[in-house]
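Hi everyone, thanks for coming.

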Amino acid sequence: MDTFAALAHGMAVAMQPMNLLYALIGVFLGTAVGVLPGIGPALTVALLLPVTYKLDPGGSLIMFAGIYYGGMYGGSTTAILINTPGESASMATALEGNKMAKAGRGGPALATSAIGSFVAGTIATIGLAFLAPWLVDFAVRFGPEDYFALMCVAFVTVSATFGDSPVRGLTSLFIGLTLGLVGIDKLTGQARLAFGIPELLDGVEVTTLAVGLFAVGEALYVASRRHHAEEKLEPVRGSLWMTKEDWRRSWKPWLRGTLFGFPIGALPAGGAEIPTFLSYSTERRLTKHPEEFGKGAIEGVAGPEAANNASAAGTLVPLLTLGLPTSATAAMMLAGFQQYGLNPGPLLFAERPDLVWGLIASLFIANGMLLVLNLPLVGLWVRLLAIPQPWLYAGILVFATMGTIAAKPSVVELSMLAAFGVMGFLMRRFDFPIAPVVIGLILGPIAESQLRRALAISLGDPMVLLQSPMSATLLGIALIALLAPFVLKGLGRFKANED
């Protein structure tokens, strides 16, 4: 009953006129950036962090969550109509969705995508509301050594799952951890890696790093690619509405996709790509119309899109209860919390229940808004694709620079923005994942303080990390997650040599 009462209180907060406006702006922006290839919700939240610096924390976080949900919806539009997923999580949708569009069934493909996203998002948000308090009760029993071990799991799993190479993922993580060391040591008061620059004594601003890596780096990368394949837009022909047969073939994939997306999204090594492809392969196995797969099967759109949106709600579980981001957008939202002096975790539910439950309740409202926005306004979203890329990315660069100046007017800050932008470009050019850098900068100082606290309590005995059963188990999981990719790669090479 406590959860129902908290959710009712949260709904009262979310229904306030200003919060409704924030939610509407968030879902509108999220859908727009989801439609535009290469501009995802992580980049958008990064751009908005400096702009929302002095706004209401609750409203800003509701807007960020709306952008996250909207980006998942919008990515399916380009995946279906031009075979270009706006988000990596929409890649599975493109397999059957674009074939349906070419066959003149783009309307039902977009409809099953929007309705499936709504169904999955609603069920997953209910799961978030009921799972989060239970996880909070569990997390309050964590000691500093347990938190440090949990951070190690997050570091390893996130680094290993972002990108194709675990070594590159770990390299990106260590760049972020090194940046996290810049500033004044909280224990000794000594300056670290500041190089005599007073502006660096406060540490590297997460917003500057995020805007530089995501926005400036993406703009430079797009500008560097001179030869683009021409995108052929498939017009939406016929009715948008689904037939009775389409409904009959879609509702089970929606539910199965939700069951894949929510739990996997909530795992430290989650994300949306794994459940979407699992859902696609499952629907391909279970379908009564195997001849349609590869030619435009509606189940191949319904299942992955449901998994995609359910995973978005799933990633908010570890973010809100443990302060662990499991995706690039979740990392940006964590930066948003820290911008307002808030630390997601068990204590946040006790200290700011209005903010947490208002955010969770706003997800139900955002879901409803997205359903209304996505079906009637398909024509509008498609027109966004006509914006010339030079205009689009020039606007992003101007917005990124102005936002950074507004948040912290400093020549050093602008120089860091440019440096991080070049670093973001080089990381994309050489296929290094971006998100682990931001996660390393955010979680690195937290992990360091928890380790120091654990060592202080045990009078410097490092074995304290193995004396707690929870800490020992988590460190074991981190070690397995670190070694597994290398072992699997070695086995693959051994098998290839045998063949």
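Let's start with a word we'll need: a cavity is a set of grid points where a 1.4 Å probe fits but cannot get out. And its volume is the space filled by probe spheres set on those points. Oh, and please keep in mind that what you're looking at is a predicted model.

Let me take the second largest cavity to begin with. Its volume is about 30 Å³. Seven names to look for on your screen here: Ala23, Ile62, Ala65, Gly66, Ser362, Leu363 and Ala366 make up the lining. Helix α4 and helix α15, which covers 353–374, are the elements that each give two or more residues to that lining. Sorted by class, you get five nonpolar residues, two polar ones and no charged ones.

Now the largest cavity, with about 70 Å³ of space in it. Its lining has 11 residues, and the closest to the centre are Ser76, Thr77, Leu110, Ala114 and Asn374. Which elements give two or more residues to this lining? They are α4 again, and α6, which runs over 106–139. The largest share comes from α6, with four residues. By class, the lining has five nonpolar, five polar and one charged.

Helix α4 spans residues 57–81, and its partner α5 spans residues 91–102. Their axes are 6 Å apart, at an angle of about 55°. That angle is why we call α4 oblique to α5. As for handedness, this crossing is right-handed.

Who actually touches whom? On the α4 side we have Ser76, Ala79, Ile80 and Leu81, and they meet Thr93, Ala94, Gly97, Asn98 and Ala101 on the α5 side. Five of the residues in this contact are nonpolar, four are polar and none is charged.

Helix α5 has another partner, α12, at residues 299–322. Here the axes come within 8 Å and cross at roughly 145°. Is this crossing left-handed or right-handed? The crossing of α5 and α12 is left-handed. From α5, the contact uses Ala92, Thr93, Glu96, Gly97 and Met100, and from α12 it uses Gly300, Val301, Pro304 and Glu305. That splits into four nonpolar, three polar and two charged residues. Notice Thr93 and Gly97, which take part in this contact and also in the one with α4.

Several elements give two or more residues to the lining, including α8 (166–180), β1 (183–184) and α9 (206–224). The largest share, nine residues, is from α19, the helix at 435–457. By class, that lining divides into 17 nonpolar, 10 polar and 10 charged.

Conventions
Residues are numbered from 1 along each chain as its sequence is written. This is a predicted model: local features need pLDDT of at least 70, side-chain atom pairs count only at pLDDT 80 or more; totals for chains, interfaces and linings use all residues. Side-chain values use heavy atoms; hydrogens and water are left out. Axes are lines fitted to C-alpha atoms, for helices over the stretch in contact, and angles run from 0 to 180 degrees between N-to-C directions. Angles under 35 degrees count as roughly parallel, over 145 as roughly antiparallel, 65 to 115 as roughly perpendicular and the rest as oblique. A crossing is left-handed if the near helix is turned anticlockwise from the far one by less than a right angle, and right-handed if clockwise. Contact means heavy atoms within 4.5 Å. Ala, Val, Leu, Ile, Met, Phe, Trp, Tyr, Cys and Pro count as nonpolar, Asp, Glu, Lys and Arg as charged, and the others, Gly among them, as polar. On a 1 Å grid over the protein atoms alone, a cavity is a set of points where a 1.4 Å probe fits but cannot get out, and a pocket is an open set with protein on both sides within 12 Å along at least five of seven lines; lining residues have an atom within 4 Å of a point.
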